[in-house]
Amino acid sequence: MNRYKLAALWAAGTVALDQATKLMVHNLMQPWTGREIIPGLFNLVHVLNKGAAWGFLDDNNIDWQRPLFILISLAAVAIITYMIRLTRDGDRWMIAGLGMIAGGAVGNAIDRVWLGSVIDFLDFYAGSYHWPAFNVADSALTVGAGCIIVSTLLNRKDTRRA
């Protein structure tokens, strides 16, 4: 399978899982509610985030963040498409990483177009220390970045042998 098809599969799988989980939360929980799943560790919540990671620019008094973040998502997908073009067909780590990042960007952009904010629902914590709520798209962005790091390290190792 060529790199474009493989990246598209990773992106489509990410978007499908992201949107299915967000739709489930949207249909089963009222916004700003939560359910304790694992006491002392994990809650399922329904949080609406108009901003970016960790609530950056999540402010109802700002009306330009929605178009800005949609534009950033579109630019990210364009840059990722170009990066896929530069990637070797055999570099599975890079292709998977780029596909997951594209899928994560598209998944959150769909929320912004549909709702004007992103649905976050995974709430991990230890005692009173909470990690900001996040979603499958956010997870894919992080795992995708990790895949790119692995690819870079493996390719650097290959380059040293040559």
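D120 lies in strand β3, which covers residues 118–126. In this predicted model, D120 has a relative accessibility of 4% and therefore counts as buried, the limit being under 20%. Leaving aside residues up to four places away in sequence, D120 touches V45, H46, V47, N49, A133, F134, N135 and D138.

The unreviewed UniProt entry lists D120 and D138 under "active site". D138 is found in helix α4. With residues up to four places away in sequence again left out, D138 touches N108 and D120.

## The aromatic cluster

Two aromatic pairs are present in the structure. One of them joins F42 and F124: the ring centres are 4.7 Å apart and the planes stand at 35°, an arrangement classed as tilted. This pair links distant parts of the chain, since F42 belongs to strand β2 (residues 42–49) and F124 to strand β3, 82 residues apart. F42 is buried, with a relative accessible area of 12%, whereas F124 counts as partly exposed at 34% relative accessibility.

F124 also pairs with F134; their ring centres are 5.9 Å apart and their planes meet at 20°, so this pair is stacked. F124 lies in strand β3, while F134 sits in the loop between β4 (129–130) and α4, so the pair ties together parts that are ten residues apart in sequence. F134 is buried, its relative accessible area being 17%. Through these ring pairs, F42, F124 and F134 are linked into a cluster. F134 is also among the residues that D120 touches.

## Annotated transmembrane regions

The annotation "transmembrane region", taken from the unreviewed UniProt entry, covers residues 68–86, 93–110 and 130–154. Over residues 68–86 the chain is 100% helix and 0% strand, with 27 Å between the end C-alpha atoms. For residues 130–154 the content is 76% helix and 4% strand, and the end C-alpha atoms lie 34 Å apart.

## Confidence of the model

The chain has a mean pLDDT of 91, and 89% of its residues reach 70 or more. Confidence is highest in helix α1 (residues 3–28), at a mean of 98, and lowest in helix α4 (residues 136–161), at 88. Helix α4 is the element in which D138 is found.

Methods: Residues numbered from 1 in each chain as written. Predicted model: local features only at pLDDT ≥ 70, side-chain atom pairs only at ≥ 80, totals over all residues. Heavy atoms only, no water. pLDDT = per-residue confidence, 0-100. Helix = DSSP H or I, 4+ residues; strand = E, 2+ residues; numbered from the N terminus. UniProt positions renumbered as here; feature names shortened; annotations may be inferred. Buried < 20%, exposed > 50% of the residue type's maximum accessible area, 1.4 Å probe, protein only. Contact = heavy atoms within 4.5 Å. Phe/Tyr/Trp six-rings, centres within 6.5 Å; stacked < 30°, edge-to-face > 60°.
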